[in-house]
Amino acid sequence: MHGPTSSGWLLVALCAATGAYCLLRMRSSVEEQRRAAGGEALMGFGMAAMAVPAAAFTPPSWAWPVYAVVFGAAGLHALWTARASARHLHHLVGAGAMVYMAVAMATSPAGHGHGGPGTPLLTGTLLLYFAGYVLVTGVRLVPVPAPAVTGGSAGWGDRPELARVCRLSMGMAMVAMLLTM
């Protein structure tokens with residue numbers, strides 16, 4: 001992606017840390033949380049790889065189509081799992097945004113983003129979606145009285161507020177990546 005090198009590396013660190021935490025969440029005892037955490041880990045690490053500043057590393061030309069295929073497959077998986085829970089539609093939008101960014105990078109001259117005509121409309125739509133998502137997720141983080149814990153404390157993978165922070169971080173990173181296209 002483009003923009004200042006220092007902010008690019010901060011974005012890489014945020015996305016990689018989020019992906020690593022999502023890997024920890026995959027150890028949850030709740031199957032739905034494990035499944036969601038796997039897709040979110042893929043998204044976090046994929047976003048980290050795409051956010052590496054172009055001044056530090058320019059991916060080979062074949063990398064962008066590979067990103068598009070991987071996130072296209074993740075989008076199909078999200079579409080399939082959305083039958084059981086509408087929450088997976090957000091994963092579908094995220095995977096679609098990653099495919100869009102990979103295609104824009106692959107079709108632009110020298111991988112410098114800013115794809116063909118119509119790009120600003122789709123970019124703007126995605127920016128509005130993710131900005132709204134960030135605001136709604138941030139409001140959901142407002143502290144509420146904690147329920148009484150019976151039988152011990154919840155593990156790192158079973159804490160819903162940390163899962164929301166993970167999703168909030170990826171939403172903010174997506175906004176930053178879309179802005180730098």
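This briefing walks through a helix pair, one leucine and the cysteines of the structure above. Please keep in mind that the model is predicted. Helices α4 and α6 pack against each other with their axes 12 Å apart, and a search of the whole structure finds zero disulfides.

**How α4 meets α6**
- Helix α4 covers residues 88-107 and helix α6 covers residues 160-179; the angle between them is about 25 degrees.
- That angle makes α4 roughly parallel to α6, because angles under 35 degrees count as such.
- On the α4 side, the contact is made by G94, A97, M98, Y100 and M101, while α6 brings M174, M177 and L178.
- Sorted by class, this contact of α4 with α6 has seven nonpolar residues and one polar residue, with no charged residues.

**L127, a residue of α5**
- L127 sits in helix α5, which spans residues 119-140.
- Setting aside neighbours within four places in sequence, L127 is in contact with V175, L178 and L179.
- One of these partners, L178, also takes part in the contact between α4 and α6.
- The C-alpha atoms of L127 and A176 lie 9.0 Å apart in space, although the two residues are 49 apart in sequence.

**Cysteines**
- A disulfide is a covalent bond between the sulfur atoms of two cysteines.
- The whole structure has zero disulfides.
- C15 has a relative accessible area of 1%, so it is buried.
- C166 is buried too, at 3% relative accessibility.

Definitions and conventions. Residues numbered from 1 in each chain as written. Predicted model: local features only at pLDDT ≥ 70, side-chain atom pairs only at ≥ 80, totals over all residues. Heavy atoms only, no water. Axes fitted to C-alpha atoms, helices over the stretch in contact; angles between N-to-C directions. Helix = DSSP H or I, 4+ residues; strand = E, 2+ residues; numbered from the N terminus. Parallel < 35°, antiparallel > 145°, perpendicular 65-115°, else oblique. Contact = heavy atoms within 4.5 Å. Nonpolar A, V, L, I, M, F, W, Y, C, P; charged D, E, K, R; others polar. Disulfide = S-S within 2.5 Å. Buried < 20%, exposed > 50% of the residue type's maximum accessible area, 1.4 Å probe, protein only.
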